[in-house]
Amino acid sequence: MTASDAVPTSWREALDGALSTPEARRLGGFLKAEEAAGKVIFPPRGQRLAALELTPLDAVKVVILGQDPYHGPGQAHGLSFSVQQGVRIPPSLVNIYKELKTDIGFAPPAHGDLSAWARQGVLLLNNALTVEQGQAGSHQNRGWEAITDACVAAVAAGPHPCVFMLWGSHAQKKAARVPGLNDGRHLVLKAPHPSPLSAYNGWFGSRHFSKANEFLESVGRQPVDWNL
């Protein structure tokens, strides 16, 4: 990471231990070396911790775990499943919109920017927070996992009940590493990934969005306005 990707204040204490690990130090060296070699890394500097910047730790209501950022030019901007305004909506997000329409009567917008969710307390977190252009999964197991595991653990250990949406085996395996996540205090929702490869195996009809809001209201928290 770089100075332009400094950890936001609300997350610093929770991530302090993870940031001092050998894995995190190796990550910093790896990213510097990749950029020095002329490789294009997404999202660009200054956007890699956008999920933490837009959603302070004490504001988290819902966690949606993605795998790694989109690897096409102009797509990734630091929020899982989200793309910037003016970028074609990716297939997985198209399917998310379809399920939202069925579940809550959502009107799909013409863009894929999910920043409005993040500002309401939806932590849109990827497992790895960077990727090389055109190389899906290229920054997995390079050190990000220690940091993003700590993010999930901090939410699970916090004072407020939250919703964890775990789509696909990758997210479910990551969450299984987090102590306290399955102690009954939080709502843990599992479904296949919304990718076209798996969406028809149980993603459609999962109704995670309405279930999340029902739970939040039941514990006295403000529901999420999923409309964009």
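Predicted model: local features only at pLDDT ≥ 70, side-chain atom pairs only at ≥ 80, totals over all residues.
## Briefing: contacts, helix packing and an annotated site

Residues are numbered from 1 along each chain as its sequence is written, and side-chain values use heavy atoms, with hydrogens and water left out.

**His160**
- You will find His160 in the loop that links α6 (144–157) to β5 (163–167); helices (H or I, at least four residues) and strands (E, at least two) are DSSP runs numbered from the N terminus.
- His160 counts as partly exposed because its relative accessibility is 37% (buried is under 20%, exposed over 50%, partly exposed in between, with a 1.4 Å probe and protein chains only).
- Val60 is 100 residues away from His160 along the chain, and their C-alpha atoms are separated by 8.6 Å.

**Asp68, the annotated position**
- An unreviewed UniProt entry carries the annotation "active site" for Asp68; such annotations use the numbering used here, have shortened feature names and may be inferred rather than shown by experiment.
- Asp68 belongs to the loop between β2 (62–66) and α4, and it is buried because its relative accessible area is 18%.
- Beyond four places in sequence, the contacts of Asp68 are Asn126, Ala128, Val131, Ala136, Gly137, Ser138 and Gln140.

**Val83**
- Val83 also sits in the loop between β2 and α4, and it counts as buried because its relative accessibility is 0%.
- Asp113 is 30 residues from Val83 in sequence, with 5.2 Å between their C-alpha atoms.
- Asp113 is also one of the contacts of Val83 beyond four places in sequence, alongside Tyr70, Gln75, His77, Arg88, Pro90 and Gly112.

**How the helices cross**
- The axes of α4 (residues 91–104) and α8 (residues 208–218) come within 8 Å and cross at roughly 60°; axes are lines fitted to C-alpha atoms over the stretch in contact, with angles from 0 to 180 degrees between N-to-C directions.
- α4 and α8 are therefore oblique to each other (under 35 degrees is roughly parallel, over 145 roughly antiparallel, 65 to 115 roughly perpendicular, the rest oblique).
- Here Ile96, Glu99, Leu100, Asp103 and Ile104 of α4 meet His208, Phe209 and Ser210 of α8.
- This contact of α4 with α8 comprises 4 nonpolar, 2 polar and 2 charged residues (Ala, Val, Leu, Ile, Met, Phe, Trp, Tyr, Cys and Pro are nonpolar, Asp, Glu, Lys and Arg charged, the others, Gly among them, polar).
- For α2 (residues 22–36) and α6, the axes come within 7 Å and cross at roughly 125°, which makes α2 oblique to α6.
- Glu23, Ala24, Leu27 and Leu31 of α2 make that contact with Trp144, Ala146 and Ile147 of α6.
- The contact of α2 with α6 has 6 nonpolar, no polar and 1 charged residues.

**Ala154 in α6**
- Ala154 is part of helix α6 and is buried, because its relative accessible area is 15%.
- Trp11, Ala14 and Leu57 touch Ala154, leaving aside residues up to four places away in sequence.
- Asn141 and Ala154 are 13 residues apart along the chain, and their C-alpha atoms are separated by 21 Å.

**Domain record**
- UniProt lists residues 53–216 as "domain: Uracil-DNA glycosylase-like" in an unreviewed entry.
- Residues 53–216 are 32% helix and 13% strand, with 22 Å between the end C-alpha atoms.

Methods:
Contact = heavy atoms within 4.5 Å.
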